[in-house]
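This report describes one protein model for a reader who has not seen it before. Please look over the sequence and the structure first, then read on.

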Amino acid sequence: MSQLYKTHVCTFFLILVCGIGWGQTQNRVTILVDAFGKSDALKQDWGFAALVEYNGKRILFDTGNDSESFAYNVKTLNVDLKRLDLVVISHRHGDHTDGLHHLLKINPKVKIYTPNDEYFGGPTPPAFFRRPVDSLPAHMRYFKGKVPKQIPHGSPWKSANLVRVDSVTELMPGIRLVRNISQTKFFSETPELSLAIDTPQGQVLLVGCSHPGIETILTSMTIPEKPVHVVIGGLHMVNADEKEANRLAQALLEKWKIKNIAPGHCTGEVTFSALQQHFGKNYLYAGVGTILDLP
C-alpha cells in the first residue's frame with residue numbers, strides 16, 4: 001500500500017468511541033454506502049455514498065440506494081449531517097439519490113450540487129418538441145403550438161437547495177466539479193458529475209458510476225499537468241470481461257499514470273481483481289466503513 005495512503009475499517013467499538021472525528025482536521029474520505037465491506041456493524045447496500053473531509057471542508061458525495069440504510073450507516077459512523085459544507089450528487093439514479101430523503105430531514109437547507117438534469121428540475125429535453133406539425137389543430141398541439149423556450153421538469157426535490165451544473169464548476173479553491181455525459185447510446189441522457197480535489201501529491205478524483213467512461217472523465221480533468229493521485233468510486237465495469245478489465249487496468253497505469261486506485265460500487269468483481277493485480281500495493285480497499293486518508 002502506498003505510504004501516502006492508509007486505509008482502515010472502523011470496528012463497531014471504535015466507531016462508538018471515536019466516530020468519524022468531526023472535531024478533527026484530518027483529510028480523508030469515508031465510504032458510507034457500498035455493497036461490500038468488512039464491518040458487520042454497517043449495512044451493505046447496492047449504491048454509493050462517501051464523506052469527504054479536506055482542508056476543514058466537509059462534502060457529502062452521493063447518498064446511497066436506500067434512505068433507511070443510509071441513515072443507519074451515518075448514525076453508526078457518528079456522521080453529523082448538519083455540519084456539511086455542501087453535497088454533490090453525481091447523477092440521477094436512485095442508488096445514488098435515495099438518501100436525500102433522510103438528508104433533507106436533517107439538513108433541509110444544505111446546498112446540493114447536481115447535474116442540470118430533468119430529474120433535478122432541469123428542462124424537459126427539447127427533443128420532444130423538434131418535430132412540430134403545424135397542420136394539426138391547436139388543441140392537438142403541445143402548448144397549442146407555442147412551446148416555451150424552457151419547460152422545467154417535475155422533480156421530487158423541488159424544495160431542496162439545488163444548484164444544477166452544466167460545466168466545470170469550482171466549489172472552493174482547489175475543489176471542483178467536472179461534468180460529462182456518455183457518448184454512446186447507453187446513458188446518453190444521464191449527465192454525471194465527478195469531484196476533483198487538488199492535493200500536494202496530485203488530484204483526487206471521486207466518481208459515482210463513471211457512466212461516461214472513466215477515461216472520458218480523466219480527459220475532462222481541468223489541470224492536465226497535475227497527475228491524478230487516486231481514483232475513488234465506481235467505474236461501471238460490473239459486466240466487463242477479463243480482457244476489458246485488464247485493458248482498463250493497464251491503461252490507467254500506463255496511459256493515465258494513476259498512482260492509486262480505490263474502486264467500489266459498480267466496478268465489478270472481475271475488474272476489482274484485475275485492478276488489484278495491476279496496481280499491487282497501490283490498490284486501496286474501499287468497502288463500506290473504510291477511511292481513506294488523503295495527502
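C209 is buried, with a relative accessible area of 3%; buried means under 20% relative accessible area, exposed means over 50%, and partly exposed lies in between, with a 1.4 Å probe and protein chains only. C266 also counts as buried, at 2% relative accessibility. The closest cysteine sulfur to that of C209 is in C266, 3.5 Å away, which is too far for a bond. The structure holds zero disulfides, a disulfide being a pair of cysteine sulfur atoms within 2.5 Å.

The model is predicted: local features need pLDDT of at least 70 and side-chain atom pairs count only at pLDDT 80 or more, while totals for chains, interfaces and linings use all residues. Residues are numbered from 1 along each chain as its sequence is written, and side-chain values use heavy atoms, with hydrogens and water left out.

### Overall form

The protein has seven helices and 14 strands. These are DSSP runs numbered from the N terminus, with helices (H or I) of at least four residues and strands (E) of at least two. Along the principal axes, the C-alpha atoms fill a box of roughly 70 × 45 × 35 Å.

Of the 295 residues, 52% are buried. The protein exposes about 14,200 Å², and carbon and sulfur atoms supply 51% of that area. Accessible areas come from the Shrake-Rupley method with a 1.4 Å probe, and for residues only the protein chains shown count as cover. Among contacts with a separation of 6 or more, 70% are between residues 24 or more positions apart; contact means heavy atoms within 4.5 Å.

### Nonpolar cores

In soluble globular proteins, nonpolar side chains tend to be buried together. A nonpolar core is here a set of buried Ala, Val, Leu, Ile, Met, Phe, Trp, Tyr and Cys residues joined through side-chain atoms within 4.5 Å. The largest core has 28 residues, and V29, V88, L171, L177, L195, L206 and I232 touch the most other members. A second, separate core of 23 residues includes V33, L42, F70 and V288.

Beyond its neighbours within four places in sequence, V29 is in contact with residues including A50, L51, V52, L206 and I232. V33 lies in strand β2, residues 28-33, and is buried at a relative accessible area of 4%. Not counting residues up to four places away in sequence, V33 touches D45, G47, F48, A49, G64, N65, F70 and V288. V33 and P224 are 191 residues apart in sequence, and their C-alpha atoms are 30 Å apart in space.

### Polar side chains

T267 is found in the loop between β13 (260-264) and α7 (269-279), and is buried with a relative accessible area of 0%. S67 lies in helix α2 and counts as buried at 14% relative accessibility. The side chains of these residues make the polar contacts listed below; a polar contact is a pair of N or O atoms within 3.5 Å, where within protein one must be able to donate a hydrogen and the other to accept it, and residues adjacent in sequence count only if both atoms are side-chain atoms.

| Side chain | Backbone atom | Distance |
|---|---|---|
| T267 | nitrogen of L235 | 3.1 Å |
| T267 | oxygen of G264 | 2.7 Å |
| S67 | nitrogen of H102 | 3.0 Å |

Leaving aside neighbours within four places in sequence, T267 is in contact with G233, G234, L235, H236, M237, V238, F272 and L275. With residues up to four places away not counted, S67 touches D98, G99, H101 and H102.

### Positive phi angles

H236, one of the residues in contact with T267, has a positive phi of about 50° although it is not a glycine. H236 is placed in the loop between β12 (228-234) and α6 (242-254) and is partly exposed, with a relative accessible area of 31%.

D62 has a positive phi of about 70°, and is not a glycine either. D62 lies in the loop between β4 (57-61) and α2 (67-76) and counts as buried at 0% relative accessibility.
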